[in-house]
Amino acid sequence: MASPLTQHDIDREIAGRQGGQGDHPARDYAPYRSSVLRHPKQPLMPVRDPEAAELTGPVFGVTDVTALDSDLTSQHPGQPLGERIIVRGRVLDRAGRPVRGQLVEIWQANASGRYRHRRDDHPAPLDPNFTGAGRCLTDDDGRYAFTTIKPGAYPWRNHVNAWRPAHIHFSLFGTAFAQRLVTQMYFPGDPLFPYDPILQSVTDPVARDRLVASYDHGLSVPEWSLGYSWDIVLDGPAAIWTEEAR
């Protein structure tokens, strides 16, 4: 029986894959163990009727998105536990132009590092006043904003003593449902950054830094919440890394 993988094993694998791979490494990034098992192994299939996917996929209307959807702290009768934060930024194209009417969705763990999901068996407490999901539409300047709770770190069993840094998942839809990008936003100064093979799989350090939000004191609300700014660039050399990008 093989010995459990240690952080030293993972660090050595990461070091061996640094440099020369660009922003987006191979999908079977060995230090991130589950990517080896679930990455696509067959060539892409051509779509003969591009509109078929749109006709059979779910849709949403502008009137379906309300102000309550973007405030994850007001979706239940009580206030959730944890550090209240505001996350705000702009969605931009490669030329720095705002992307209007973009559906932005987020999901995250609670302040204890647990998701409200049946497969999350981390023995941290659930918060009855926090679901951990929200959405909004960007305005005419491409701006989005969420009020939420800073998520906690959590173990994920990739190797012995594996912990994920605090992060928020972001999903962005374009003009059609099939045009979806998924990424993660991290918080500045997290000591777990060097130990996380998911974040380290972005092998270009400049691209990796673009996944980290900036603390914005001007966005903080006195005696209420701290503020973080994070812009999302959809394409071009300054694009935010996404899970599907190549």
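Me: What makes strand E2 and strand E7 a pair, and in which sense do they run?

Reply: In this predicted model, two strands pair if DSSP finds at least two bridges between them, and strand E2 (residues 103-107) and strand E7 (residues 167-173) share 5 bridges in the antiparallel sense, so they count as paired. One of the bridges sets Leu103 against Phe173 of E7. The strands themselves are DSSP runs of E with at least two residues, helices are runs of H or I with at least four, and both are numbered from the N terminus. Residues are numbered from 1 along each chain as its sequence is written. Because the model is predicted, local features need pLDDT of at least 70, side-chain atom pairs count only at pLDDT 80 or more, and totals for chains, interfaces and linings use all residues, while side-chain values use heavy atoms, with hydrogens and water left out.

Me: Why are strand E3 and strand E8 called edge strands?

Reply: The open sheet holds 4 strands in the order E3-E2-E7-E8, with antiparallel pairing. Strand E3 (133-137) and strand E8 (180-186) each pair on one side only, and they are the edge strands.

Me: How do you know whether Phe146 and Phe170 are buried or exposed?

Reply: Buried means under 20% relative accessible area, exposed over 50%, and partly exposed in between, with a 1.4 Å probe and protein chains only. Phe146 has 1% relative accessibility and therefore counts as buried, and Phe170, with 0%, is buried as well. Ring pairs also link Tyr144, Phe146, Phe170 and Trp230 into a cluster.

Me: Which residues touch the most other members of the largest nonpolar core?

Reply: A nonpolar core is a set of buried Ala, Val, Leu, Ile, Met, Phe, Trp, Tyr and Cys residues joined through side-chain atoms within 4.5 Å. The largest one has 40 residues, and Tyr144, Phe170 and Trp230 touch the most other members.

Me: Why does Val182 count as buried, and which residues is Val182 in contact with beyond its neighbours within four places in sequence?

Reply: Val182, in strand E8, counts as buried because its relative accessibility is 13%. Beyond those neighbours Val182 is in contact, meaning heavy atoms within 4.5 Å, with Trp107, Phe170, Ser171, Thr242 and Glu243. Val182 and Glu243 are 61 residues apart in sequence, yet 5.7 Å apart in space, C-alpha to C-alpha.

Me: What is the phi of Arg157, and why does Arg157 count as exposed?

Reply: Most residues other than glycine have a negative phi. Arg157, in the loop between strand E5 (154-155) and strand E6 (163-164), has a positive phi near 65°, and because its relative accessibility is 65%, Arg157 counts as exposed.

Note on methods. Phe/Tyr/Trp six-rings, centres within 6.5 Å; stacked < 30°, edge-to-face > 60°.
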